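Hi,

Here is the structure I promised to pass on. My notes on what turned up follow below it.

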Amino acid sequence: MESLLFQAFVYLSAAVIAVPIAKRLGLGSVLGYLLAGIIIGPVIGLVGTETKDLQHFAEFGVVMMLFLVGLELEPAVLWRMRFRLTGLGGFQLGITTALITGFCIFFGLAWQTSLAIGLIFALSSTAIVLQTLSEKGLMKSAGGRSTFSVLLFQDIAVIPMLALLPLLATTKLTVFSDHSGQTHSYNLVAGLPGWATALIILAAIATVILAGHFLTRPIFRFIAKSQLREIFTAAALLLVISISLLMELVGLSPALGAFLAGVVLANNEYRHELESDIEPFKGLLLGLFFITVGAGIDFEVLFADFTLIFLLALGLIVLKASVLLSIAKAFKIPRGDNWLFALGLAQAGEFAFVLINFSVGNAVLDLNLAKTLSLIVGLSMLLTPALFILYERLIAPRMINHDERENDEIDDQAPAIIAGHGRFGQIVNRMLLTNGIKSVVLDHQSDLVDGMRRFGLKGFYGDATRPDLLMAAGLQEARVLVVAIDDRERTTKMVEYARRERPDLHIIARAFDRPHCYALFNAGASDVVRETFDSSIRAGRYALENLGLSRGKARQVSYVFYKHDRASLKILAKEWDPTIDILNNTSYMALSEERNRLLDEAIQNMEMSEEEE
């Protein structure tokens, strides 16, 4: 018990310390977990061989993650993805496997061993990639959706890989029995003829689909009536574990079964409860999995031939990225998103560890070669967060600012200029148009501009922050400039430039939060609109009405709050200093407390009462 508690203390301490620091430095949580594992494992030596056993347990986090991903995908959505799923995934897997196999044969390895290595390295890390895409809000992008399609295809492909690898066994190798190997004692299809195996697998899949569709609703409805949250959580975990166990019994991937169950339950009314109950377990287990990957790196073997292993890991990333980039261009994935697609999938994946152990146990790979392959897999996974940082900080901004499409020639001028025609700017534009006021709309997203034209609206493609485009749009003659672009720094710089060129211009700027409001006021904005402020005021008014205040009183409270807060913004902006943390800015904090006190007094001194309505 002491040993178990000590290990739990070590792993949790490493995560709690390393991950927030990594996030603060902009490295992402995945790299934080990996570094935490390296520190407590190879560096300090607080954990040892038990990490291999723990890794198999932590891999259940991948199963839970795919279940949650499935919950977000309705069957109709998945059906629409079928061509991209098989096309992108099939080409990636086939071409990558062929190239790596050929490379290994060229350097003298047997074709059976070479093919096994090709299959192992063709897979990517579902855990790292989906976690990172979700953290950075890139799952909905074209690159994110394409990446998910390939990962899903790879997870499905693990099943035939497990069937194929034993056929590649070589007589020169002795079967190695690893205590952590993937031999399944309880396998319903072991030793059965092919037709019987196929029938049992189809029956298992049908069971998951039918049970998910017909049984889960009454079961969860019955559990929900008990009003015991912990029992609902236990039922959610039992559901995922049961499906995973069933898949293992018939020789399928537990992750695939969990994903299938998630898709079946995507339209279930208890979907959100399932998601909220499983999410914390998924996060902890995935974090534990990344820590065990870092802790499992054998630095003794690594440093014995560091240059070769590092170059092989780097070569693997370059080769896979090149293949993926070529496929992305062939499938016309938009520029910028194709780099996200290529760099995101360039590593080897967690299933590689499973396949390596399985290959050793079936006399396909030599044990020493397997150790080297595991190091290459681990290093490629360790380098993946750096690839996302490379994309986010160097490639993505360049793709935005240097799109292949040339800027439109602006041949129109109007009293209003609207920079940005997303969900914020388009509402402003519609309000102006319904009142007969023309505007010049600029946006750097070609699909938005083309969409405007299909609706008969005029818009121009171009980067609105460029001074020459603003001048061409009529900055010197316009009466109002609405800055609605989706970028904090570029918004502020645009306001500064416009105010410098036109001291008399009325500038309305969209802000993300309160500090951004201060920056925009100091840059010269006439009006600053926080994108969620007005809707929050309205929500607060509805809450007051339903908590006993009359409609008139609630409306007056919201109006007083609105006026006072807008006045406070301009006053507090003068005390705001971007170089000092707000909580450490004594003059700002004192003025903020004074403004809050005045707001309380203003609300209390309202003369209107419910009786006077």
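Aspartate 468 is partly exposed, at 42% relative accessible area (buried is under 20%, exposed over 50%, partly exposed in between, with a 1.4 Å probe and protein chains only). Keep in mind that this is a predicted model, where local features need pLDDT of at least 70, side-chain atom pairs count only at pLDDT 80 or more, and totals for chains, interfaces and linings use all residues. Residues are numbered from 1 along each chain as its sequence is written, and side-chain values use heavy atoms, leaving out hydrogens and water.

Aspartate 468 pairs with arginine 466 in a salt bridge, 2.6 Å from N to O (a side-chain nitrogen of Lys or Arg within 4 Å of a carboxyl oxygen of Asp or Glu). Arginine 466 is partly exposed too, at 35%. By that rule there are nine salt bridges.

Another one joins arginine 488 to aspartate 513, with the closest N and O atoms 3.0 Å apart. Arginine 488 sits in helix H22 (residues 488–501) and aspartate 513 in the loop between strand E5 (506–511) and helix H23 (514–523), so the pair ties together parts 25 residues apart in sequence. Helices (H or I, at least four residues) and strands (E, at least two) are DSSP runs, numbered from the N terminus. Both partners are partly exposed: arginine 488 at 37%, aspartate 513 at 27%.

Within helix H26 (residues 586–604), arginine 597 and glutamate 601 are four residues apart, about one turn of the helix, and their side chains form a salt bridge at 2.4 Å, N to O. Finally, Arg514, Arg530 and Asp565 are linked in a salt-bridge network.

Cheers
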